[in-house]
Amino acid sequence: MVAGTIAAVVLAGATGFVGYALGAAVGLVVGLVVGGVAGAVFGWAVATARPYDFSAGIGIFRYVVDLTWSLPNTLIGAVYLTGNLIGGNRVERHYSLHSGCVQLTRGVFPRINGVSYLTTIGTVIAGVAPAVHAHEHGHVLQARIFGPFYVPLVLVNYALATVIPFWWLYHDHSRYPIRKFGAYFMDGVYPHVWNEAWCYRVYGPPR
Ligand SMILES: [Zn+2]
């Protein structure tokens, strides 16, 4: 409960501060409302689904990192969590418990060619498919390592890989032939962006 409340206050405080810096009084109010709602939702998830194991050093470390260095990622994840819950998604408590992440029961993408894709933003994982949980946890780890630089570094790589398909040179064209735009993105751009290449290589699933 205390951990959830602290998380909510830190998130609301951070967005309030950024809002004030960008737009004075109006910005402060907007920031406090956005961060207050998302922070309250995330704080509720921290208190009830208990993703952080406070009896272990790693749990405390993750919590502190998520509310300091990786706070921008945690904030985006909190907004993502809020949107998912509004849309009818639910917190999956079994996989959330002490995992360092808040996991949701449903993914946000429809299945593509029979494959269900989980989507991780900040510390929030949407979807359940045990074979790829290690991969998704890899993205959470990346966010904790790169902190405020994580999302910009990923977005820049997506933009570059889309406009300049450098990956075409080492792409496995026999296993993943690219003849349509959908495949260009899902089999070309997406798996070759640095954070995905890393997680597929280290955590799988094999592709
Ligand atoms: Zn991934």
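This is a predicted model: local features need pLDDT of at least 70, side-chain atom pairs count only at pLDDT 80 or more; totals for chains, interfaces and linings use all residues.
Pro191 is buried, with a relative accessible area of 9%. This residue is found in helix H7, which covers residues 181–192. The C-alpha atom of Pro191 is separated by 13 Å from that of Ile178, a residue 13 places away along the chain.

## Helix H1 and its kink

Helix H1 runs over residues 2–49 and has 48 residues. A straight helix at 1.5 Å a residue would reach 70 Å, yet the end C-alpha atoms of H1 are only 14 Å apart. Where is the kink in H1 centred? The kink, of about 150°, is centred on Gly23.

Ala24 is also found in helix H1. Although Ala24 is not a glycine, its phi is positive, at about 45°. Ala24 counts as partly exposed because its relative accessibility is 43%. Just after H1, Arg50 likewise takes a positive phi of about 45°.

## Helix H3

The buried residues of H3 include Leu71, Asn73, Thr74, Gly77 and Ala78. Leu81, Thr82, Asn84 and Leu85 are also among the buried residues of H3.

Tyr80 has its place in helix H3 too. Is Tyr80 buried or exposed? At 13% relative accessibility, Tyr80 counts as buried, because buried means under 20%. The C-alpha atoms of Tyr80 and Gly122 are 8.6 Å apart in space, while the two residues are 42 residues apart in sequence. Just after H3, Gly88 takes a positive phi of about 100°.

## Backbone angles

Most residues other than glycine have a negative phi, and most peptide bonds are trans. Several places in this model can be read against that background.

His98 is not a glycine, but its phi is positive, at about 55°. His98 is found in the loop between helix H4 (93–96) and strand S1 (102–104). With a relative accessibility of 34%, His98 counts as partly exposed.

The peptide bond from Gly204 to Pro205 is cis, with omega near 0°. Pro205 lies in the segment after helix H8 (194–203).

| Residue | Phi |
|---|---|
| Ala24 | about 45° |
| Arg50 | about 45° |
| Gly88 | about 100° |
| His98 | about 55° |

Side chains of opposite charge can pair when their charged atoms come close. How many salt bridges does the count come to? The count comes to one salt bridge. In this pair the side chains of Asp66 and Arg144 meet, at 2.8 Å from N to O. Asp66 lies in helix H2 (residues 57–66) and Arg144 in helix H5 (residues 133–146), so the pair ties together parts that are 78 residues apart in sequence. Asp66 counts as buried at 0% relative accessibility, and Arg144 counts as buried at 13%.

Leu155 lies in helix H6, which covers residues 150–163. Leu155 is exposed, with a relative accessible area of 53%.

Which residues make the nonpolar surface patch of about 760 Å²? The patch is made by Val156, Leu160, Val163, Ile164, Phe166, Leu169 and Tyr170. Leu169 lies in the loop between helix H6 and helix H7. With a relative accessible area of 80%, Leu169 is exposed.

## Regions listed in the record

An unreviewed UniProt entry lists residues 26–47, 115–133 and 145–170 under "transmembrane region". In the model, residues 26–47 are 100% helix and 0% strand, and the end C-alpha atoms of this span lie 31 Å apart. For residues 145–170, the span is 62% helix and 0% strand, with end C-alpha atoms 27 Å apart.

Key
Residues are numbered from 1 along each chain as its sequence is written. Side-chain values use heavy atoms; hydrogens and water are left out. Patches are made of residues with over 30% relative accessible area and no salt bridge: like charges are joined within 9 Å, nonpolar side chains (Val, Leu, Ile, Met, Phe, Trp, Tyr) within 5 Å. Accessible areas come from the Shrake-Rupley method with a 1.4 Å probe; for residues, only the protein chains shown count as cover. A salt bridge is a side-chain nitrogen of Lys or Arg within 4 Å of a carboxyl oxygen of Asp or Glu. Helices (H or I, at least four residues) and strands (E, at least two) are DSSP runs, numbered from the N terminus. Buried means under 20% relative accessible area, exposed over 50%, partly exposed in between (1.4 Å probe, protein chains only). UniProt positions are given in the numbering used here, feature names are shortened, and annotations may be inferred rather than shown by experiment. The expected span of a helix is 1.5 Å times one less than its number of residues. The bend at a residue is the angle between axes fitted to the seven residues ending there and the seven starting there.
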